[in-house]
Amino acid sequence: MTDKKKKGTDPKTYKFDTLSLHAGYQPHKNAGSRQVPIYQTTSYLFDDVDHAAALFNLERGGHIYSRISNPTVAVLEERVAALEGGTAALATSSGMSAIFLTIMTLCEAGDHLVVSSQLYGGTVNLFRLTLPKFGVKCTFVKPRDTEGFKKAIQKNTKGIFGELVGNPGNEIMNMPEIAKIAHDAGVPLIIDATYQTPYLCKPIDHGADIVVHSLTKWMAGHGSSMAGILVEGGKFDWMQNDKFPTMTKPYEGYHGLSFAEEFGPTAFTMKARAEGMRDFGPCLSPQNAWNVLQGIETLSVRMQKHCSNAEKMVEYLLSHESVAWVSHPSVPDHPDHDLAKKLLPHGKGSMIAFGIKGGKEAGEAFINNVKLASHLANVGDTRTLVIHPASSTHSQMDEATLKFAGLSQDMIRLSVGIEDFDDIRNDFETGFRAARRPRLVSNQ
Amino acid sequence: MKFKVNGVEVFASTGGRPFDKKKPLIIFVHGSGLTHMTWVLQTRYFAFHGYSVLALDMPGHGLSGGESLKTIEDMADWISDVIDAVGYKEASLVGHSQGCLVILECAFRFPKKIKTLCLMGGAGAIPMNPELLSLAENDDPKAVDLMMDWAHGPAGHFGGHPVPGLYHINTGGMLAKSRTIKNTLGIDFRACDNYKNGFKAAKEIKIPTLSILANGDKMCPIKEGKKLADLIDGSKIEIIDNCGHMMLLEEADKVLNVLKKFILTYFPIKKN
């Protein structure tokens, strides 16, 4: 028997790089245009009254108004769903609006969420300060405290949320185990996988039910456009308990429609669009959707360069006299190194946190003196970016919250770009020299 | 809605409108291993336009209770029992793939109950690829992956779902994996493979019949659909271009348009 016969037939569905270029789009249905057209329009003609009614009643698929859906945006949604292994996706104006829409689709006043404590500062404030105004309370748990997630579950808990690799400290959630905790409690696991992109990790394969991204970052990749997305895994059974009546019971807003009964593995996305985009309206512009699509076309090649540059940077920082500590999952003594090998086999990402000797003062000097690396509040650009979180992205936190979120005053957050590594290293040398200078002066 | 057939709970989507016994009944029967959700872009139209609709989950599938039925003949009898259970004397039937075998056999067995047939991606016999059958009976998820590959044409593989944001292949795969594969897909595939009465049944069908076939269908090739249609007296054929076996989703609008024309002509709503 030949090897081929032993192995049997394999599906010929398209693989990652092909999907990055083609998923969600058929040129022959768009005047043969090889590139995805930008449908810069607010609204769409109805064939007749019957057709209009059919679209509003969800009898047929199609577009009505670009706040709800748009053909260019829909290509992006399908493409990301395909890459993540999801059933459906809904793009939004930013990553934060994707998170907000996800929570608003999932929760009602009186509900509770269990949330990882190590998140982007804006997300922390959403869960800590803003959602309670809508009656949704949260319990924060440190990302490595897997048992803590279980203990924090309450009767009214409706989900667990976290960033797979926490911002900015690089602590990793044990996603498969936390997914089991969520599923044992009958609630979904929502993972923000912005740092990974589906090239490095597909959270749905590890038990996540909903994945959110700030597409602004590595997916778009060029620092040009804001965008977010939620992706549905399709495995979560909304009808297994009575926790999600807005998914399972007849919905007054759509003639008594039960999203779970009617749409099953795409029910969450359908509800988020039909209700959330209609009522909140955080729609993505078609121009920005197109820009993100351009980025996704080269996602895998960019991520490979980001990750290889990050590994070189880790090696450089670990041996540098001005560096107190380095946090990156590729470092063997990183507490989550083994977990990272399992969850991130194609690369550990390009976000590095490091402590600079000399604390806050040295950190400020470093950032003020690097020239190639850009000092700004973003990550995942093609260019190398640096920031001092304690004085910027996480500056609205008090000292105790900073500590709980795994931050320190000497921490510099680094998003490694795809420049020639030697040039980044030379730039950092300039920054480190400047960082050492004030201490030499003060010691004299 | 949920109701009981032979003491077992059955789920059927009513297309988003309350089930109304005063309206003519259309029953939709899904393909192997799938559920009522495959019909969402056809059922809601009819439910909003004067018909009562039941998009069934076959026993052991989707949200229905019980165990999967093991033969096409048993499934055909069960459809007749459904019509009785909801208090109707007659219905029009729409089937996809395996569902075509089921409704064909049902019309053969219960000619007075069935008013029209619509066969989507159908054939007189559906012999299974032995490897696919074995994978499904052994609960191997690769069976679903292969089925999704072969069942989809360009729209499925590239994308372009009629409902914005949905991705065909992953959605279909998730439907087929929603219950234990060997207990749904495995049993269904074996039932298809064993069924031999399709061509005989076709010769006896005397009701209006429409075959909707796709020229890119690898699961039930178009020539097989035509062979079946040619045996049915007065049968009509509609071809969907550039489309695979999952035509009801891949080209949902085109399929709905031809189905609508057929139903409104041959199973119209009676005016008072």
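**Notebook: chains A and B**

I began with where the two chains meet, and found that the contact takes 44 residues from chain A and 36 residues from chain B, counting two residues as in contact if their C-beta atoms, placed from the backbone, lie within 7 Å. On the side of chain A that touches chain B, the elements giving two or more residues are helix H4 (71-84), strand E1 (88-92), helix H11 (259-263) and helix H12 (267-279) of chain A, and H4(A) gives the most, with 5 residues. Helices (H or I, at least four residues) and strands (E, at least two) are DSSP runs, numbered from the N terminus.

I noted that this is a predicted model, in which local features need pLDDT of at least 70 and side-chain atom pairs count only at pLDDT 80 or more, while totals for chains, interfaces and linings use all residues. Residues are numbered from 1 along each chain as its sequence is written, and chains are lettered from A and ligands numbered from 1 in the order in which they are written.

Next I looked up the sheet of chain B, where 8 strands form an open sheet in the order E1-E2-E4-E3-E5-E6-E7-E8 with mixed pairing; two strands pair if DSSP finds at least two bridges between them. Strand E1 (2-5) and strand E8 (236-240) of chain B stand at the edges with a single partner strand each, so one side of each has no neighbour in the sheet. Further in, I traced 4 bridges between strand E6 (residues 114-120) and strand E7 (residues 209-214) of chain B, which run parallel, and B:Cys118 stands opposite B:Leu210 in E7(B).

I then turned to helix H13 (residues 286-297) of chain A, whose 12 residues reach 17 Å from first C-alpha to last, close to the 16 Å expected at 1.5 Å a residue (the expected span being 1.5 Å times one less than the number of residues). Because 9 of the 12 residues of H13(A) are buried, the helix is largely enclosed by the rest of the structure; a residue is buried if 20 or more other C-beta atoms, placed from the backbone, lie within 10 Å of its own. Among the buried residues of H13(A) are A:Trp290 and A:Leu293, and the buried set packs against helix H2 (16-22), H4, E1 and helix H14 (299-318) of chain A.

Last, I checked the division of chain A into domain 1 (15-295) and domain 2 (300-443), with bounds that come from an automatic or database domain assignment. The contact takes 31 residues from domain 1 of chain A and 35 residues from domain 2 of chain A.
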